[in-house]
Amino acid sequence: MDENLPVIRISVRNLVEFILREGDIDNRTGGGQDPENMQMGSRIHRKIQRQMGSDYQAEVPLKTEIVCDGFTLKIEGRADGLIHTKEQVMVDEIKGVLRELDRVQEPAGIHLAQAKCYASMVAEQEGVDEIGVQMTYCQMETEEVKRFQYSYQSNELKVWFDEVIRQYKKWAKFQIEWRKARNASIKGIEFPFPYRKGQRDLAVSVYRTILRKKKLFIQAPTGVGKTISTVFPAVKAVGEELGEKIFYLTAKTITRTVAEQAFKTLREQNLKFKVITLTAKEKICFCEETSCNPDDCPYAKGHFDRVNDAVYELLMQEDVMSREVLEAQARKHKVCPFEMALDVSTWVDGVICDYNYVFDPDARLRRFFAEGGAGGYLFLIDEAHNLVERGREMYSASLCKERFLEIRRLLKSKSRKISRTLEKCNRVLLEWKRECEEYQMRKNISELILPLMNLCGELEDFLEEEADGEVHEKLLEFYFEVSKFLNIYDLVDNHYVIYTYYAPDGSFLVRLYCVDTSANIQKCLDKANAAVFFSATLLPLRYYRMLLSDQEEDYTV
């Protein structure tokens with residue numbers, strides 16, 4: 001491998017999910033919880049691996065390097081298992097699912113493709129002519145297992161894998177060439193205005209913070225020019241490879257416009273820097289009602305067959321990905337503008353968006369913030385005083401007892417199984433209701449969690465079958481409520497209080513309330529190289545620093 005060549009790294013999973021996706025956007029089935037992200041998923045992985053005996057090697061790291069024109073492509077991954085028997089070598093790929101196994105008729109295409117990539121890498125490493133692939137699906141509540149086995153000729157597998165890599169090469173080449181041009185252009189830019197009082201110190205502080213990989217809290221009055229004083233040093237830092245991508249995060253549309261203007265001003269000095277502004281799905285959707293499925297939305301139908309071409313063309317033609325530009329491109333290629341924008345965000349240098357794309361466990365961009373490891377991001381957090389209240393909203397969740405009865409009435413004649421599980425949940429809530437006068441703190445709610453998990457799996461199965469519009473709509477909404485509650489329950493620690501209470505309208509609720517958001521926000525900040533919080537109202541600084549970060553050594557200005 002040539003040491004001097006720049007390296008592009010991609011995981012096997014990201015490679016196949018990107019190159020081989022196809023078909024429609026369809027949110028009518030559940031899938032709100034990503035079992036891969038749940039501790040339970042990894043626990044089941046380990047359990048299956050332990051049961052497999054001495055022929056079984058668990059968590060096998062694999063990588064392959066391909067020298068391309070001007071760069072090296074490094075593809076890395078980790079096979080769940082490798083089985084060596086006298087007859088053959090076999091790669092095992094384990095997936096935890098919430099749905100019933102008799103509904104899993106064959107492996108999902110993307111899952112099998114991931115395993116085939118690992119198999120090709122293993123076959124080459126071990127020099128075998130033939131290799132097996134085993135797909136292991138495990139139902140996460142019952143821990144029941146279903147397996148599918150395949151056998152492949154190594155040379156055929158290699159031809160298939162090489163084709164996947166060939167399709168990715170143009171994207172990698174774009175990345176390398178664009179980065180080179182971008183960094184060269186950044187060298188030439190200077191601060192675009194005469195410095196106002198305190199502005200130079202501000203810009204220097206931001207640059208130093210990024211250089212030292214720290215966090216900075218800035219309290220500065222309106223009119224100082226905080227936006228350009230944070231954007232300029234951050235762009236300079238990207239040019240020196242101190243960060244990969246800038247996220248300019250804000251709570252209001254007006255501040256987004258100010259950020260766009262700052263990048264535009266720097267572009268007047270021939271800066272090459274691709275920036276996208278993300279607009280909420282409801283606002284950018286082309287349909288009157290946002291219903292993301294191929295029956296209701298022509299842009300959802302076949303979206304994944306066309307979206308990569310739409311994104312690539314846009315990257316070749318535009319540097320400013322405004323809402324208007326994105327909408328025009330989405331109409332031209334007949335794809336969903338919101339989903340296309342999320343894909344474009346992977347390839348640009350700056351993303352201007354609402355806080356929730358980074359911090360909200362429900363809405364955050366999984367492509368950047370779900371997998372382990374830091375991504376070299378730089379966070380510029382405008383109006384940062386808003387993040388405390390917004391954070392408490394994002395990391396809290398409630399369930400209402402009356403909803404369980406309402407859904408049970410809806411399903412009475414349709415599914416006795418779900419009705420029984422709803423009844424179990426209702427019984428627990430009824431007992432708590434009897435004990436509660438106005439509100440009551442609760443140490444432990446584990447007796448509700450297991451029936452809720454079962455309910456999620458059952459609803460997921462049911463939603464796949466149920467086509468009745470109105471019933472489906474209400475069920476899906478309820479499924480997401482339960483799903484969010486379970487996801488937040490995974491985060492509960494000593495920064496939370498759990499309590500039951502009566503709402504003003506008399507309904508009875510259980511709430512997981514995040515009092516201190518610092519630990520949850522810190523987990524997101526860990527994905528960044530540096531973060532700058534700034535606002536005209538960030539006093540007392542120590543109070544905000546305590547609630548927005550759990551590290552003592554942060555800087556304040």
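Is E244 buried, exposed or partly exposed? With a relative accessible area of 41%, E244 counts as partly exposed, where buried means under 20%, exposed over 50% and partly exposed in between (1.4 Å probe, protein chains only). Before we go on, note that this is a predicted model, in which local features need pLDDT of at least 70, side-chain atom pairs count only at pLDDT 80 or more, and totals for chains, interfaces and linings use all residues. Residues are numbered from 1 along each chain as its sequence is written, and side-chain values use heavy atoms, with hydrogens and water left out.

Let us stay with E244 and look at its partner. R179 forms a salt bridge with E244, with 3.9 Å between the closest N and O atoms; the term stands for a side-chain nitrogen of Lys or Arg within 4 Å of a carboxyl oxygen of Asp or Glu. This pair links distant parts of the chain, 65 residues apart: R179 sits in helix α4, and E244 in the loop between α6 (226-239) and β8 (245-250). Helices (H or I, at least four residues) and strands (E, at least two) are DSSP runs, numbered from the N terminus. Side chains of opposite charge can pair when their charged atoms come close.

Helix α4 (residues 154-187) also holds D162 and K158, which are separated by about one helical turn because they are four residues apart. Their side chains meet in a salt bridge (3.0 Å, N to O). D162 is partly exposed at 35% relative accessibility, and K158 is partly exposed with a relative accessible area of 35%.

G188 and Q269 are 81 residues apart in sequence, yet their C-alpha atoms are 7.7 Å apart in space.

Now for a buried pair. R256 and D354 are both buried, and they form a salt bridge whose closest N and O atoms are 3.8 Å apart. R256 belongs to helix α7 (residues 253-267) and D354 to strand β11 (residues 350-354), so the pair ties together parts that are 98 residues apart in sequence. Elsewhere, salt bridges that share partners join R403, E406, E477 and E481 into one network. The structure holds 26 salt bridges.

Finally, consider E288, in the loop between α8 (281-284) and α9 (303-317). E288 counts as exposed because its relative accessibility is 85%.
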